[in-house]
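Here is a walk through one protein model, taken one region at a time. Please keep the sequence and the 3D view side by side while reading.

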Amino acid sequence: MALSLPLSRRTAARVLVGLVVVGLFAPAAVQAFVPGDSGTPGTVGLEAGTIDSEASNDTVVAIQGFHFQGQGSQKKPARLVQVTPDGSTDWVYDGSNLNARWFYDVDPLANGNLLVVGTNAGGTVVAELDRETREPVWTERFDFKDTHDVEMLPSGNLLIANMRNWNEEEQRSDDRILVYNRSTEEIDWQWTFRNHYPNSTDGGFSEDWTHVNDVDRIAEGQYLVSPRNFDQAIVVNRSTKEIDYRLGEDDNHDIMNEQHNPDWLVSEDGNPTILVADSENDRVVEYERRDGEWVEVWEVGTGQLSWPRDADRLPNGNTLITDSLNHRVIEVTPQGEIVWEYYATWGPYDAERIGTGAESNGPTMADQGVSGSYQIYGSAGLIEGTGGSLTFAGAVQNTFAGTPLGAPAQEFATRWAHVTPWIRPAWMGSWAFAGALAGTILLFGWAFGEAFAERDSIRRGMQKAARDIRAR
């Protein structure tokens, strides 16, 4: 005679939910005890990807590093890395040597040294580093909060993009670009955004109103400036303080969406050209000014790059791209083929090819007879999302593309891809993290459901406990 064990619906539901929770946490648990050797930034580290042809010279990469509430992470450090032409790691310089919890811009100087910008909770540090010894030649410290870019002018003075310059007393933004005289230790010149933009731009003043992340000297008395939050690249005239050129407009994300590090080029026909890492659009794009209007000439990597923050045109016509949240630097041909790839976790911000100048120094796409939109191909795929595999965010975006949910899915995928690297454990991949987060949400939902179902019993228990306390 067969025996049957009655199983209530509630018990069956608990078993089912428990199995789902275990299944969601399983990938994270496996990665915690048996880390993989690919697919996860923390396990990939610093190493070569695709090297179809050796680079023309060494490449220096500034790695921002990831942190939480101002505290540095030993597993996600800020570093400078020099990479040899064959993709080998030559040397690594830790940000702690300069008390820098974050690294941002790095510029090769004419004397062979490096101009480096780092920040910590107290302000900004700018240093000239000897590239051979990695010893500082000089160091300047400013109380500027979170500066991303400083350029050395021919005079030896420093051109600085001063973001998050919040005036607490006046409740206004004093974000500016300025020239600091290293000899007199004074500011020789400054240009403040609120004097040249409607104060309602980007929703009005905030502590991070402009997020001006880049300033370059492009000619005598002209500076190319990137107010990221305004979705614009502008050329400021030092003498007149007027804006000579403006590419983009606030909230018009079809042109640019919170870009980084625009570079100035001039075509053989004399047309101004801007190459820019269009970060929130996850692409690199080039615009040329023709007949008084900016025309999009070329784009690469749309939907494949993840928050690119630097793009430099090389003398050979290729483009060196810092693909920040894919944790790599790639050199691509005008048609999008990767010919050189280096993985650099966590969060590379800037990459410079030694011997090619501090910014772009190559032909425009128009001069190469190239135009249109190109996909990137040829990655070694050492990190999920950089080859044929998809990250969790990429899968969400692709699943809903072309449906009524396409726009919100893309917005969710973008936010997810840009936020989770800061909080995800170094050893955990994006899919495992998504599973663990879903498991955590399900556990809380389960606990709430159990509490709701047993609310009468819980209330009676609390009342009995209260009576017992009073009776003592």
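Two strands pair if DSSP finds at least two bridges between them. The model shown here is predicted.

Begin with a sheet. Four strands make up an open sheet, and their order is β7-β8-β9-β10. The pairing in this sheet is antiparallel. The edges are taken by β7 (102-108) and β10 (136-142), each of which has a single partner strand, so one side of each has no neighbour in the sheet. On average, and with direction ignored, neighbouring strands are turned by 15° against each other. Within this sheet, β8 (residues 114-120) and β9 (residues 123-129) are joined in the antiparallel sense over seven bridges. Val 116 is found opposite Ala 127 in β9.

Next, look at a loop. Between β20 (243-247) and β21 (260-266) runs the loop that holds Gln 259. Is this residue, Gln 259, buried or exposed? Its relative accessibility is 0%, and buried means under 20%, so Gln 259 counts as buried. Beyond its neighbours within four places in sequence, Gln 259 has contacts that include Asn 213, Arg 228, Asp 231 and Ser 279. From Gln 259 to Ser 279 the sequence separation is 20 residues, while their C-alpha atoms are 4.9 Å apart in space.

Last, turn to two helices. Helix α4 (residues 406-423) packs with helix α5 (residues 430-453) at an angle of about 85°, and their axes are 12 Å apart. Angles of 65 to 115 degrees count as roughly perpendicular, so α4 and α5 are roughly perpendicular to each other. On the α4 side, Trp 416, Thr 420 and Ile 423 make the contact, and on the α5 side Phe 433, Ala 434 and Leu 437 do. By class, this contact of α4 with α5 has five nonpolar residues, one polar residue and no charged residues.

Methods:
Residues are numbered from 1 along each chain as its sequence is written. This is a predicted model: local features need pLDDT of at least 70, side-chain atom pairs count only at pLDDT 80 or more; totals for chains, interfaces and linings use all residues. Side-chain values use heavy atoms; hydrogens and water are left out. Axes are lines fitted to C-alpha atoms, for helices over the stretch in contact, and angles run from 0 to 180 degrees between N-to-C directions. Angles under 35 degrees count as roughly parallel, over 145 as roughly antiparallel, 65 to 115 as roughly perpendicular and the rest as oblique. Contact means heavy atoms within 4.5 Å. Ala, Val, Leu, Ile, Met, Phe, Trp, Tyr, Cys and Pro count as nonpolar, Asp, Glu, Lys and Arg as charged, and the others, Gly among them, as polar. Buried means under 20% relative accessible area, exposed over 50%, partly exposed in between (1.4 Å probe, protein chains only).
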